[in-house]
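Good morning, everyone. Please look at the screen while I talk.

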Amino acid sequence: TSRFAEVQQGAPIEVFAVSKAFSDSTHQKKVNLSVGAYRTDEGKPWVLPVVRKVEVELAADTSLNHEYLPILGFDAFSTAAAKMLLGASHPVIAEGKVTAVQTLSGTGGLRIAADFLGHVLKYNTVYYSTPTWGNHRLIFLQAGFSEICQYRYWDAESRGLDINGMIEDLSKAPENSVIILHACAHNPTGVDPTQDQWKRIADVVEERKLFPLFDSAYQGFASGDLDSDAWAVRYFASRGFEMMSSQSFSKNFGLYNERIGNLVVVVKDPSCITATRSQLTLLVRGSYSNPPCHGARIVSRVLSDPVLFEEWKGCIKTMSGRIIEMRKGLRERLEKLGTPGTWDHITAQIGMFSFTGLSAKQSKYLGEKYHIFLLSSGRINMCGITTGNIDYVAEAINDAVC
Ligand code: PLP
């Protein structure tokens, strides 16, 4: 018998399973509203023109080679990315309190953060929002955190943020708990705290001596503006917190499979940075040794060239603008059809996703009857909606709700 005969079948990852159901469907009008990736109005993946342009330049540059990057990655990239997050003129940067390392996209940044917080700082408790992106739990579980807890976030009744529940739960968290906060465009709800609410969150993090870990996977996608979307991270840094933030360039650069991300660490005392980097080095070395280069070259070039940077900002506006249009269109159609319930949350929510309020049963019905595939939580990727399928999607939702 095989040693592997004992191996139990693992649970499927829903978002990949739903996407497979979409691929397998032969229905002419099938729609994929599950996966978190941008699609054009033709329903196609989009290589940002500015990315294509830099790739052509890189391909022609015979001085480039495929040597290993250093363990902590491409420094020019990490530095530029940290400035994009914190703002180039943020005092913590001028004071030398920031260090950053290239990671395997946002997921890899969160994992290295979890490994560092667990193995080096010996923290064992993490809190994430209910609901959150499905991977937060798994990342901290596999990094060895023994206490994996949740704080209230979504209020189903108001279809908004349960700020009082959130504050109450955080105020009961033990000292040194790691608090995962979505920097903007909360996944899956599309609901972010207001600036006043962020101040209340910062107060409780300070009072209870908690450790903020920002997950910044959608900078630019929430409002279309890089600075507004980084407000919370910059505010926490201004309050003097020691903190970490994982950045992903999957969505805002469309570089999903290049695995390009950055882990930004803010410390109180710059003299701690050398030792901190040495421990991060050991964690990366024993995990994947060093990161890939292609995405780092593209992002660092775009962030450091004013003309390319403007062009990229235009691409972000195109993406966020299309999402906003689809939100308006879907809401209008549902209201016109008289679909029971209120639909203003579709336009109030921001970022790539809408938490529709559709039940697991309704979501399943949409898949089975209309070949419209979404997560059982009712989360839909707004980019899956196009001018070509928006009527079909609205009528199907109307039927599922009625
Ligand atoms: N964090 C959140 C909230 C996300 O939604 C995602 C992607 O869907 C990620 C992190 C990480 O994505 P990646 O590893 O592709 O950067």
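Start with Cys315, which is buried, at a relative accessible area of 7%. Buried means under 20% relative accessible area, exposed means over 50%, and partly exposed is in between, with a 1.4 Å probe and protein chains only. Cys402 is exposed, at 63%.

A word on the source. This is a predicted model, where local features need pLDDT of at least 70, side-chain atom pairs count only at pLDDT 80 or more, and totals for chains, interfaces and linings use all residues. Residues are numbered from 1 along each chain as its sequence is written, and side-chain values use heavy atoms, with hydrogens and water left out.

Back to the cysteines. How many disulfides does the structure hold? It holds 0. A disulfide here is a pair of cysteine sulfur atoms within 2.5 Å.

Next, Ile167. Its place is in helix α7, residues 163-171. Helices (H or I, at least four residues) and strands (E, at least two) are DSSP runs, numbered from the N terminus. Ile167 is buried, with a relative accessible area of 15%. Beyond its neighbours within four places in sequence, Ile167 is in contact with Arg200, Ile201 and Val204. Contact means heavy atoms within 4.5 Å.

On a 1 Å grid over the protein atoms alone, a cavity is a set of points where a 1.4 Å probe fits but cannot get out. A pocket is an open set with protein on both sides within 12 Å along at least five of seven lines, and lining residues have an atom within 4 Å of a point. Grid points are joined across faces, edges and corners, and a volume is the space filled by probe spheres set on the points.

The count is 1 cavity of 30 Å³ or more. The largest cavity has a volume of about 40 Å³. Its lining includes Tyr151, Met166 and Trp198. Strand β7, residues 178-182, gives the largest share of that lining, 3 residues.

What is the volume of the largest pocket? About 1,200 Å³. Of the 39 residues that line the largest pocket, those closest to its centre are Val15, Trp133, Gly134, Asn135 and Asn187. Helices α1 (14-24), α5 (105-120) and α6 (135-142) each supply at least two residues of this lining.
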